Amino acid sequence: MEIKSIMPDNPPIWRNFRFPNSHRHEIFFGTSNRKLSIKDGLIIYLTPEMHNGSKEGIHQNHDFDMYAKRFAERVWLDYYGKTIDDFIERYGINVL
Ligand SMILES: [Zn+2]
């Protein structure tokens, strides 16, 4: 099932829609944050290699993970017209 992403398309790093063999990645992927990411559209679609299939993958590469998280927090603030405090209240973290 395709879940709506509010993230901009960012090829070749990620896409904001499903494509063949893509893996869906929830940008804030902790236990409860994973569900919030899905609800809020903070998801991206990655190749298997860029997901968890290589050391460049977002689950292995901390810099890539933080890049996506910072990007996502900014998009979330803009899209929902919220503040950093709102983000902290919802996700329990601030990466900006
Ligand atoms: Zn993932």
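Start by selecting α3, residues 62–80, a helix in the sense used here, where helices (H or I, at least four residues) and strands (E, at least two) are DSSP runs numbered from the N terminus. Its 19 residues should span 27 Å at 1.5 Å a residue, and its end C-alpha atoms are 26 Å apart, which agrees; the expected span is 1.5 Å times one less than the number of residues. What you have open is a predicted model, in which local features need pLDDT of at least 70 and side-chain atom pairs count only at pLDDT 80 or more, while totals for chains, interfaces and linings use all residues. Residues are numbered from 1 along each chain as its sequence is written.

Stay on α3 and colour Ala 68, Lys 69, Ala 72, Glu 73 and Trp 76, which are its buried residues. A residue is called buried if 20 or more other C-beta atoms lie within 10 Å of its own, exposed if 12 or fewer, and partly exposed in between, with C-beta atoms placed from the backbone. Seen down the axis of α3, these buried residues fall within an arc of 140°, so they line one face of the helix; the arc is that of the directions from the helix axis to the C-beta atoms. Turn to the other side of α3, and Asp 63, Met 66 and Asp 78 are exposed there. The cover over the buried residues of α3 includes α1 (31–40), β2 and α4.

Next, pick out Trp 76 in α3, which counts as buried because it has 23 C-beta neighbours inside 10 Å. Trp 76 touches Asp 40, Leu 42 and Phe 87, leaving aside residues up to four places away in sequence, where contact requires C-beta atoms, placed from the backbone, within 7 Å of each other. If you draw a distance from the C-alpha atom of Trp 76 to that of Ser 37, 39 residues apart along the chain, it comes to 10.0 Å.

Now move to β2, residues 43–46. Which residues cover the story of its two faces? Ile 43 and Tyr 45 lie on one side, Ile 44 and Leu 46 on the other, and all of them are buried. Show strand β1 (residues 23–26) as well, and you will see that β1 and β2 pair in the antiparallel sense over 4 bridges, pairing being called when DSSP finds at least two bridges between two strands. Within this pair, Arg 24 stands opposite Tyr 45 in β2.

From here, select the largest nonpolar core, which has 16 residues, with Ile 27, Leu 42, Ile 44, Leu 46, Ala 68 and Ala 72 making the most contacts inside it. Such a core is a set of buried Ala, Val, Leu, Ile, Met, Phe, Trp, Tyr and Cys residues joined through C-beta atoms within 7 Å. β2, α3 and α4 (84–91) each supply at least two residues of this core, and the largest share, 4 residues, comes from β2.

Then look at the segment before β1, where Pro 12 is placed; the peptide bond from Pro 11 to Pro 12 is cis, with omega near 5°. Asn 21 is also in the segment before β1, and its phi is near 70°, a positive value in a residue other than glycine.

Finally, zoom out to the whole protein, which has 4 helices and 2 strands, running β-α-β-α-α-α from the N terminus on.

Notes: Two residues are in contact if their C-beta atoms, placed from the backbone, lie within 7 Å.
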